[in-house]
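Please open the model in your viewer and keep the sequence beside it. The stops below say what to select next and what is there.

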Amino acid sequence: MEKLNIKISLANRLYPMAINSSEEKLIRLSAAKIEKILKNFKENYSVKDDQDLLAMCALQLCVKLEKLAS
């Protein structure tokens, strides 16, 4: 499978990734959804630190995964 080098922006940082080209759309969509969640948290809570926002996002996404798994 062909590898593709991309850069994903999350919380104002660029993350270089080597991915299968077939996963690019899914990864970019996922990154966009994470950015939307981060923006929502930043607007609705007094949290300004990107690390805290990422932790809150990770928790929210894991809770959703657990609900789907059960």
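Helices and strands are DSSP runs numbered from the N terminus, a helix being H or I over at least four residues and a strand being E over at least two. The model is predicted, so to speak of local features pLDDT of at least 70 is needed, and side-chain atom pairs count only at pLDDT 80 or more, while totals for chains, interfaces and linings use all residues. Residues are numbered from 1 along each chain as its sequence is written, and side-chain values use heavy atoms, with hydrogens and water left out.

Begin with the loop between strand E1 (3–10) and strand E2 (13–20), and select Ala11 there. Ala11 has a positive phi of about 50 degrees although it is not a glycine. Most residues other than glycine have a negative phi. Ala11 counts as buried because its relative accessibility is 11%, where buried means under 20% relative accessible area, exposed over 50% and partly exposed in between, with a 1.4 Å probe and protein chains only.

Select next Asn12, which lies in the loop between E1 and E2 and has a positive phi of about 65 degrees, although it is not a glycine either. With a relative accessibility of 68%, Asn12 counts as exposed.

Now show helix H1 (residues 24–44) and helix H2 (residues 50–69), whose axes come within 9 Å and cross at roughly 115 degrees; these axes are lines fitted to C-alpha atoms over the stretch in contact, and the angle runs from 0 to 180 degrees between N-to-C directions. To see the contact (heavy atoms within 4.5 Å), select Ile34, Ile37, Leu38, Phe41 and Lys42 of H1 together with Asp50, Leu53, Leu54, Met56, Cys57, Gln60 and Leu61 of H2. Within this contact, Ile37 touches Cys57, Gln60 and Leu61, not counting residues up to four places away in sequence.

Which residues make up the largest nonpolar core? Select Ala11, Ile37, Leu38, Phe41, Val47, Leu53 and Cys57, which are its 7 residues; such a core is a set of buried Ala, Val, Leu, Ile, Met, Phe, Trp, Tyr and Cys residues joined through side-chain atoms within 4.5 Å. The largest share of this core, 3 residues, comes from H1. A second, separate core has 6 residues, including Ile6, Leu10, Ile19 and Ile27.

Finish at Asn40, which lies in helix H1 and, at 40% relative accessibility, counts as partly exposed. Its C-alpha atom is separated by 19 Å from that of Ile8, and Asn40 and Ile8 are 32 residues apart along the chain.
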